[in-house]
Amino acid sequence: MKLVSFTTIIAPEKLRDYLLNPSHDEGKSKARFLNEMGYEQTNWQILEADLRAQHLPVDVIPGKQSLFGTKYEIVAPLIGPNGQKRWIRSIWMIRRRESVVRFVTLIPELKQ
């Protein structure tokens, strides 16, 4: 299954205020990782566009079901604005009784 055919929500604050925020207690290591690829808080829209273009067309790995919905994972490379390619695991969710895909987070992968 590919998520590209679904309506997809990627909350700007998830990217700008968490994943790309070098001061965020939990997100700062991801911000460093993404910054090395050329992503910054000021260009969070590029990360959004790259996730849509580079990850959503890839087959998903069905994840766990919870009371809130079903999670899906995509493990694939992401090529940043500076051309650096890194593998990431992006996590997505379809909530119960919805058909909209929501971006949850991303995790750097060891696979290179």
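Leu110 counts as exposed, because its relative accessibility is 84%; exposed means over 50% relative accessible area, buried under 20% and partly exposed in between, with a 1.4 Å probe and protein chains only. Leu110 sits in the segment after E5. Helices (H or I, at least four residues) and strands (E, at least two) are DSSP runs, numbered from the N terminus. From Leu110 to Leu20 there are 90 residues in sequence, and their C-alpha atoms are 20 Å apart.

Before I go on, this is a predicted model, in which local features need pLDDT of at least 70 and side-chain atom pairs count only at pLDDT 80 or more, while totals for chains, interfaces and linings use all residues. Residues are numbered from 1 along each chain as its sequence is written, and side-chain values use heavy atoms, with hydrogens and water left out.

Now the helices, starting with H3. Which residues of H3 are buried? In this helix, residues 44–54, the buried ones are Trp44, Leu47, Glu48, Asp50 and Leu51. They lie on the same side of H3, because the arc they cover around the axis is only 165°; the arc is that of the directions from the helix axis to the C-beta atoms. As a reminder, an α-helix has 3.6 residues a turn, so residues three or four places apart point the same way. What do the buried residues of H3 pack against? Their partners are helix H1 (12–19), helix H2 (28–35), strand E3 (69–79), strand E4 (85–95) and strand E5 (101–108). Contact here means heavy atoms within 4.5 Å.

Next, H2. Its buried residues are Lys30, Ala31, Phe33 and Leu34. These are on the same side of H2, since they cover an arc of only 160° around the axis. The buried residues of H2 pack against H1, H3, E4 and E5. Asn35 is also in H2, but it counts as partly exposed because its relative accessibility is 42%. Asn35 and Thr7 are 28 residues apart in sequence, with 28 Å between their C-alpha atoms.

For H1, the buried residues are Leu15, Tyr18 and Leu19. An arc of only 115° around the axis puts them on the same side of H1. The buried residues of H1 pack against H2, H3 and E5.

Two packed helices are described by the angle between their axes and the distance between the axes. What are the angle and the axis distance for H1 and H3? H1 and H3 pack at about 120°, and their axes are 9 Å apart. Axes are lines fitted to C-alpha atoms, for helices over the stretch in contact, and angles run from 0 to 180 degrees between N-to-C directions. That angle makes H1 oblique to H3, given that angles under 35 degrees count as roughly parallel, over 145 as roughly antiparallel, 65 to 115 as roughly perpendicular and the rest as oblique. On the H1 side the contact is made by Pro12, Leu15 and Arg16, and on the H3 side by Trp44, Leu47, Glu48 and Leu51.

Between H2 and H3 there is a loop that holds Gln41. Gln41 is partly exposed, because its relative accessibility is 30%. Setting aside neighbours within four places in sequence, Gln41 is in contact with Arg16, Asp17, Leu20, Asn21 and Pro22. Gln41 and Glu13 are 28 residues apart in sequence, and 9.9 Å apart C-alpha to C-alpha.

On to the strands. Is Thr70, at 15% relative accessibility, buried or exposed? Thr70 counts as buried, and its place is in strand E3. Not counting residues up to four places away in sequence, Thr70 touches Gly63, Lys64, Gln65, Trp92, Met93 and Ile94.

Arg89 is in strand E4 and is partly exposed, with a relative accessible area of 22%. With residues up to four places away in sequence not counted, Arg89 touches Ile61, Glu73, Ile74, Val75, Thr105, Leu106, Ile107 and Glu109. Arg89 and Phe68 are 21 residues apart along the chain, and their C-alpha atoms are separated by 20 Å.

Last, the loop between E4 and E5, where Arg97 is found. Most residues other than glycine have a negative phi. Arg97 is not a glycine, yet it has a positive phi of about 60°. Arg97 is exposed, with a relative accessible area of 81%.
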